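Please read it alongside the sequence and the coordinates.

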Amino acid sequence: ERLKSSSLMVAWDAAHLPMRTNSADVVVSDLPFGQQCLSASALSQLLPLIFLECARILTPGTGRMVVLAGGSPIPLIASIGKLSGKYWKKPIQRVSPVSIGGLLAWIVRIDRNEHAFDHSNAVENISFVRKIAEKRDRISRQRKTDSGEQTGRRIRNVNG
């Protein structure tokens, strides 16, 4: 008899996930490369928050995270330690280079350790996450407006 399995794929803000603590087995993420909506400095501020949030939702001891990231893996690995280092097994077991259309990127697997998540810092981080999300949304809206994709905008062809 065939085993039934299910999966769910969603797109959420990785720094503020609407999930319960310890509720996920695996996180797979294509991290922003800092070229679309965020500057390199904003990205370096956001990455530790992403790793902290993923540490929160992953099951201690068995949870794991697989990320695709551009550039060097060294800043990525450093950002893991900034806010959430106590939640990840060390050393990181898997860092693999890949080429995406000639662009060097890295696949990094990070395993969650047994340490229980501490919620005491969560309130401090939420306001910072919201500020970055609002800035990202403003940039996205501006790009849509600049490219003529504004919602409800009609373009008429008027023959003179």
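The accessible surface of the protein comes to about 11,200 Å², of which carbon and sulfur atoms hold 52%; accessible areas come from the Shrake-Rupley method with a 1.4 Å probe, and for residues only the protein chains shown count as cover. This is a predicted model, in which local features need pLDDT of at least 70 and side-chain atom pairs count only at pLDDT 80 or more, while totals for chains, interfaces and linings use all residues. Residues are numbered from 1 along each chain as its sequence is written, and side-chain values use heavy atoms, with hydrogens and water left out.

**Overall make-up**
- Three helices and four strands are present, following the pattern β-α-β-α-β-β-α along the sequence; these are DSSP runs numbered from the N terminus (helices H or I, at least four residues; strands E, at least two).
- Of the 160 residues in the protein, 31% are buried (under 20% relative accessible area, 1.4 Å probe, protein chains only).

**The sheet**
- Four strands form an open sheet of mixed pairing in the order E1-E2-E4-E3, where two strands pair if DSSP finds at least two bridges between them.
- Strand E1 (26–30) and strand E3 (94–100) each have a single partner strand, so one side of each is left without a neighbour in the sheet.
- E3 and strand E4 (residues 103–111) pair in the antiparallel sense over seven bridges, and Val98 stands opposite Ala105 in E4.

Key
Buried < 20%, exposed > 50% of the residue type's maximum accessible area, 1.4 Å probe, protein only.
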